[in-house]
Amino acid sequence: MAATQDGPTLRTVRIDPITRLEGHGRIQLFLDEKGEVADAFFQVPELRGFEKFCEGRPVEELARITPRICGVCPEAHHIASAKALDAVFGVEPPPAGRKLRELLYSAFFAGDHTTHFYALGGPDFVVGPDAPKAERNILGVIAKVGLDAGKLVLRQRREAQEVVAMVGGKAIHPVCGLPGGVSKPITEAERARIEEIARNSLEFAKFSLRVFDDVVLSSPQYVDMIRSDAYQLRTHYIGLVDEKNRVNFYDGRVRVVDPSGLEVVRFAASQYAEFIEERVEPWTYLKFPYLKKVGWRGFVDGAQSGVYRATPLSRLNAADGMATPLAQAEYERMYASLGGKPVHATLATHWARLIELLYAAERTLELATDPEITSPDIRTIPTATPGEGIGVVEAPRGTLFHHYVADERGMAKRVNLIVGTTNNHAAICMSIKRAAQGLIRGGVLPTDGTLNRIEMAFRAYDPCFGCATHALPGEMPLEILVYGPDGQVRQRLAR
């Protein structure tokens, strides 16, 4: 990004493009006469469209169509779609079919969280928020942690994709999910290889938490930054939980807790429209979901605001624990270190993401060693007339809803998707404003490092606007504008 200043006094800052995310967007910061941040807008200039061209197609094709929304998390859309199709056709997968879906999904989760920590979010900590921007990338991370560590990162990504390919049929845009189960079983040789990969993934997750300890938690500067008011936001939190209120990526009920951590509601995927409403604003194509029964109060936090978050940290805040032992120990350590539940520090999302990486690896190993995983009984053939169905999973970026309505011939009449980034949209806007207000003072021209620290509030959410706006190009122009009280652009930063 390059900064320019129009006129003798700073009035407007524009970050365009935002770096290290998927999709399009820009940030515009408005300064008052004193040079303080008066307002901030995060704008998404992509048009939603994916839901509309799903209409009129055979509904069973949506499990192959919707993953094309995104090349980063197609597995999330594929599995959410398969679950929605189960409901459309009124069919329940047999245990092996369900476990194979979750096996694929757990391996995918471990690979996706690896990508974000080492390539997207991690450079801000491992390399440093004020380091030259040319070094804040995966190569800069490898230069810091060593070439051997870089090889481990690449192996983790490669092996996670290997599991997806074995179970899902393709390493990207899997095709295994069908109404009532999956398309093929796995062999004993494949199971043994997946077990080997899961053990590697488990060791890698432990290694990544040690990196976080050594680089982030051992630094008073970083810990102070995580705890600082610039990165705090008190919101509601949502996430999928099992019957014991433990984090679950594949199945369960959606649990909502308020800013004090008290449960507000716990509902099934089929009930989501009773509790979540989507709001439209004229300055962005991306919608703003909020808790219907709390209400929309604008871009404010607190218990009276319907704004919620659906991030890795949100899932941990909404749950009572993790379902695997090593992840549970790390869960307890994080909350003990940060003063108890819930944690409102946006940057702590990176720590929660690594705890989820550990859980995903443990769960992959559990499933890979389950005697039932190689059963040939993997699908229940649908016999009912299709109707309406809703599927939900936890995508890496937040809770993902797929809602389909089919006619009696099985053609899609209506499709609605609420993806992780969309759930977090209001909170992303608020976090950017909070960070900007905490970091830009007195009209001083912000440095590249200051603007990167504002982006850090954004990047903690690991946003994906290809998913959130369902756009086709897959490019990522992002800019930040700063406007003065006279409405004139005073600074523009663009990639």
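Biologist: Let me start with a strand. Which residue in β15 stands opposite F401?

Modeller: Before I answer, keep in mind that this is a predicted model. To read a sheet, pick a residue on one strand and look across to its neighbour on the next. Here, the residue facing F401 is I418 in β15.

Biologist: How many bridges join β14 to β15, and which way do the two strands run?

Modeller: There are 6 bridges between β14 and β15, and the strands run antiparallel. Zoom out and you'll see an open sheet of 3 strands, in the order β13-β14-β15, with antiparallel pairing. The edges are β13 (388–395) and β15 (412–418), each of which pairs on one side only. From one strand to the next, the twist averages 10°.

Biologist: Which helix packs on the sheet?

Modeller: That's helix α2 (residues 74–88), which touches β13 and β14. The direction of α2 makes about 150° with that of β13.

Biologist: And β15 is an edge strand. How many of its residues are buried?

Modeller: For burial, go residue by residue and then look at the strand as a whole. In β15, 5 of the 7 residues are buried, so the strand is largely enclosed by the rest of the structure.

Biologist: What about the turn? Which residue in the hairpin of β14 and β15 takes a positive phi?

Modeller: G410, with phi near 85°. The hairpin has 5 residues between the strands.

Biologist: While we're on the backbone, which residues does a cis peptide bond join?

Modeller: K341 and P342, with omega about -15°. P342 sits in the loop between α11 (325–337) and α12. The side chain of K341 gives you something else to look at: K341 lies over the face of Y335, 5.5 Å from the ring centre. You can see that arrangement again with K83, which lies over the face of Y250 at 4.6 Å from the ring centre.

Biologist: Now the rings. How many aromatic pairs does the structure hold?

Modeller: It holds 19. For each pair, read the distance between centres and then the angle between planes. Take F212 and W351: their pair is tilted, at 5.7 Å centre to centre with 40° between the planes. Then ask what the pair links: F212 is in helix α7 (residues 188–217) and W351 in helix α12 (residues 349–368), 139 residues apart. F212 is buried at a relative accessible area of 2%, and W351 is buried at 2% too.

Biologist: How is the pair of Y272 and F401 arranged, stacked or tilted?

Modeller: Stacked, at 5.1 Å centre to centre and 25° between the planes. Y272 lies in helix α9 (residues 272–275) and F401 in strand β14 (residues 398–406), so this pair ties together parts 129 residues apart in sequence. Y272 is buried at 5% relative accessible area, and F401 counts as buried at 1%.

Biologist: Which residues do ring pairs link into a cluster?

Modeller: F117, Y118, F204, F207, F212 and W351.

Notes:
Residues are numbered from 1 along each chain as its sequence is written. This is a predicted model: local features need pLDDT of at least 70, side-chain atom pairs count only at pLDDT 80 or more; totals for chains, interfaces and linings use all residues. Side-chain values use heavy atoms; hydrogens and water are left out. Rings of Phe, Tyr and Trp (its six-membered ring) pair if their centres lie within 6.5 Å; planes under 30 degrees apart count as stacked, over 60 as edge-to-face and the rest as tilted. Helices (H or I, at least four residues) and strands (E, at least two) are DSSP runs, numbered from the N terminus. Buried means under 20% relative accessible area, exposed over 50%, partly exposed in between (1.4 Å probe, protein chains only). A charge sits over a ring if NZ of Lys or CZ of Arg is within 6 Å of the ring centre and within 35 degrees of the ring normal. Two strands pair if DSSP finds at least two bridges between them. Axes are lines fitted to C-alpha atoms, for helices over the stretch in contact, and angles run from 0 to 180 degrees between N-to-C directions. Contact means heavy atoms within 4.5 Å.
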